[in-house]
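Me: I have a model open here and would like to talk it through with you. Could you help me read it piece by piece?

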Amino acid sequence: MRNKTCLNCGHFLSGEFCSHCGQNSDTARITVSSLIKNDILGSIWHVEAKFFSTLKDILFHPGKTAMDYISGKRIRYSNFISLLLILFGFNVLSYHYYEQFAPEQVLTKNVSDVKDFFSKYSKVILFVIIPMLAINGYLIFKRLKFNIAEHFIIATVSLLGILILFLWSDIVSLIGLWKPVSKIFNFIDKIIFGLSILFPAITFWNAFKKSYSKPGLLWRVSAVYVLMGIESFVIFAVLYQLY
């Protein structure tokens, strides 16, 4: 049933959706078939497809994803802050299961101490990495004239990528507990860990490769890492003393 005016807000309709409130102009009578197809299955598919598509774009094209979002192409992506919280929760859960299944000899006292440290200060670490990356990126890439909020988006995408890789690392570690494949999966785990360290560099490189020469981009990304290293050392030293 197509209407000349929106049944929700009364504004004139000129397309498939109301330009004022966004309601679909096709408001046919609800049937069992349409309820299952559109309202239930359609909603689940839309949310899941968008969620996994966003994760894929962040993992394989982090800089482009950030630049698209900054330039206004946002409808295709899930909310980045919501993704942060979801992935952070999954990481906590996956590590919990790793701890449950890992033998005692794997969970040494040092590993336990590190786990306790990160459990206590995980939220601090999570919300410190983003402003650190954003501020350092703003200072180092200032010529591009992105404001601090836009650099926060780039930093958020970087952290999302790190959390995705950490989640994969936990899954690989769980599989690696099976002795016949432990060597292979321990090697894969080391590769994933290395990628997680490099992920902010990959994000900056992917985002700004058209704006700088390779040498110019290389020293700028290196400078971000030097600043991050100094700042991280100071923050972790303070937190460890408190811990």
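**Starting from one residue**

Me: Let's begin with A149; which helix is it in?
Reply: A149 sits in helix α5, and please keep in mind throughout that this is a predicted model.

Me: And how exposed is A149?
Reply: A149 has a relative accessible area of 47%, and because buried means under 20% and exposed over 50%, A149 counts as partly exposed.

Me: How far is A149 from I70 in space?
Reply: From C-alpha to C-alpha, A149 and I70 are 9.5 Å apart, although 79 residues separate them in sequence.

Me: Stepping back, what is the chain built from, how many helices and how many strands?
Reply: The protein chain has seven helices and zero strands, so that, under the run-based assignment of helices and strands, reading along the sequence gives α-α-α-α-α-α-α.

Me: What share of the residues is buried?
Reply: Of the 243 residues in the protein chain, 35% are buried. The chain exposes about 15600 Å², and carbon and sulfur atoms supply 67% of that area.

Me: What about contacts between residues at least 24 apart?
Reply: If you take the contacts between residues at least 6 apart in sequence, 65% of them join residues at least 24 apart.

Me: Now the inside: which residues have the most contacts within the largest nonpolar core?
Reply: That core has 38 residues, and the ones with the most contacts inside it are F80, F141, F204 and F208. At least two of its residues come from each of α1 (32–60), α2 (62–71), α3 (80–101), α4 (109–140), α5 (148–176), α6 (182–208) and α7 (214–242). The largest share, eight residues, is supplied by α5.

Me: What does F80 touch, leaving aside its neighbours within four places in sequence?
Reply: With those neighbours left out, F80 is in contact with T54, I58, T65, Y69, I153, T156, V157 and L160.

Me: Let's go to α2 then; why would one call it largely enclosed?
Reply: Eight of the ten residues of α2 are buried, so the rest of the structure largely encloses that helix. The buried ones are P62, G63, T65, A66, M67, D68, Y69 and I70. After α2 comes G72, whose phi is positive, near 110 degrees.

Me: How do α2 and α6 pack, at what angle and how far apart are their axes?
Reply: The two helices pack at an angle of about 55 degrees, with their axes 6 Å apart, and they are therefore oblique to each other. The crossing of α2 and α6 is right-handed. On the α2 side the contact is made by P62, G63, K64 and M67, and on the α6 side by F199, I202, T203, N206, A207 and F208.

Notes
Residues are numbered from 1 along each chain as its sequence is written. This is a predicted model: local features need pLDDT of at least 70, side-chain atom pairs count only at pLDDT 80 or more; totals for chains, interfaces and linings use all residues. Side-chain values use heavy atoms; hydrogens and water are left out. Helices (H or I, at least four residues) and strands (E, at least two) are DSSP runs, numbered from the N terminus. Buried means under 20% relative accessible area, exposed over 50%, partly exposed in between (1.4 Å probe, protein chains only). Contact means heavy atoms within 4.5 Å. Accessible areas come from the Shrake-Rupley method with a 1.4 Å probe; for residues, only the protein chains shown count as cover. A nonpolar core is a set of buried Ala, Val, Leu, Ile, Met, Phe, Trp, Tyr and Cys residues joined through side-chain atoms within 4.5 Å. Axes are lines fitted to C-alpha atoms, for helices over the stretch in contact, and angles run from 0 to 180 degrees between N-to-C directions. Angles under 35 degrees count as roughly parallel, over 145 as roughly antiparallel, 65 to 115 as roughly perpendicular and the rest as oblique. A crossing is left-handed if the near helix is turned anticlockwise from the far one by less than a right angle, and right-handed if clockwise.
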